[in-house]
Amino acid sequence: MAGSSVGSPSGVGEFGSGGAAAGYRPGATLPFGAEFRRQASRRRTQLALGFMVLLPLIILVAFQFESGDDDGGGRGEFASLADLATSGGLNFTLFSILVSASFLLVVVVALFCGDTVASEASWGSLRYLLAVPVPRARLLTVKLLVALAYSGLALLLLAGTALLAGTLRYGWSPLTSQVAAELTPTEGLVRLLAVLGYLAVVLLVVAGLAFLLSVVTDAALGAVGGAVLLWILSSILDQITALGVLRDFLPTHYSSAWLGLLSTPMQTDDVVRGAISAVSYATLFWGLAFWRFTRKDVTS
């Protein structure tokens with residue numbers, strides 16, 4: 001029969017299981033390295049990472065122009081922190097982390113995680129990525145991993161630059177703080193690494209929220225700004241003592257628990273609670289993002 005060739009062995013190799021083209025492997029689409037390099041070429045990535053390197057240098061230069069008559073007007077506490085910052089490279093690194101943790105790092109993480117999907121939608125390139133075809137779950141997974149990688153890199157660049165610049169300028173001295181006895185440089189470095197690790201875990205909440213908003217909206221600015229504003233709102237609510245035990249469930253309630261890692265002896269109770277809270281919130285937000293994206297109609 002004329003149509004018998006349709007089911008002939010010569011046509012078997014054209015399609016794989018499930019009707020996919022022969023040789024098609026979903027796990028091989030959109031490699032992590034390719035997406036990482038593509039994001040590295042973007043101006044916002046270069047500017048964000050560049051500012052992480054520049055900030056400690058700006059602080060270092062600012063200390064050189066510091067005058068000795070700025071202790072008035074309620075700035076005595078800040079002045080004492082500045083005095084500690086100039087007493088060694090480890091202390092300068094701690095100061096740089098302290099002034100960046102509550103807002104700057106939040107913005108940077110929200111930028112990397114909130115811009116990743118929404119920007120593709122706003123450019124109209126998201127549907128073409130899915131038409132390659134890249135499975136939706138893999139697309140989100142790769143973009144999330146790349147965003148987290150750049151967020152971690154930003155944190156390391158900030159701390160690494162501060163440690164290098166501070167050590168070259170102020171020397172390799174013991175770590176001192178207002179909540180702990182003096183720590184040897186080796187122990188102080190370990191404590192700083194623990195602080196960075198905890199901050200990375202806490203910032204997963206921002207990453208999860210920004211990523212969820214990036215999937216929900218096509219406006220990258222809305223995703224980034226929304227994540228930052230909700231974080232600020234949570235921080236404000238956490239200051240309202242009338243909320244009582246409800247504050248314990250806010251994602252920002254344990255955001256400053258890393259200070260316990262610097263105390264003598266080390267206080268880790270709130271650190272553990274904060275890590276559990278952050279991972280729980282981040283998992284919830286990421287789960288909602290995957291659930292939403294795998295079901296939405298992508299038209300942009």
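Tryptophan 258 touches Leu94, Leu98, Val195, Tyr198 and Leu199, not counting residues up to four places away in sequence (contact means heavy atoms within 4.5 Å). This is a predicted model, in which local features need pLDDT of at least 70, side-chain atom pairs count only at pLDDT 80 or more, and totals for chains, interfaces and linings use all residues. Residues are numbered from 1 along each chain as its sequence is written, and side-chain values use heavy atoms, with hydrogens and water left out.

**Nonpolar core**

- The largest nonpolar core has 73 residues, of which Phe63, Tyr198 and Trp258 touch the most other members (such a core is a set of buried Ala, Val, Leu, Ile, Met, Phe, Trp, Tyr and Cys residues joined through side-chain atoms within 4.5 Å; buried means under 20% relative accessible area, with a 1.4 Å probe and protein chains only).
- Elements giving two or more residues to this core include α2 (43-64), α8 (136-170), α9 (185-216) and α11 (269-293) (helices are DSSP runs of H or I, at least four residues, numbered from the N terminus).
- The largest share of this core, 15 residues, comes from α9.

**Packing of α9 with α11**

- The axes of α9 and α11 come within 8 Å and cross at roughly 20° (axes are lines fitted to C-alpha atoms over the stretch in contact, and angles run from 0 to 180 degrees between N-to-C directions).
- That crossing angle makes α9 roughly parallel to α11, a term for angles under 35 degrees.

**Packing of α8 with α9**

- The axes of α8 and α9 come within 10 Å and cross at roughly 145°.
- Among the contact residues are Leu140 and Lys143 of α8, and Leu189 and Phe211 of α9.

Conventions
Buried means under 20% relative accessible area, exposed over 50%, partly exposed in between (1.4 Å probe, protein chains only). Angles under 35 degrees count as roughly parallel, over 145 as roughly antiparallel, 65 to 115 as roughly perpendicular and the rest as oblique.
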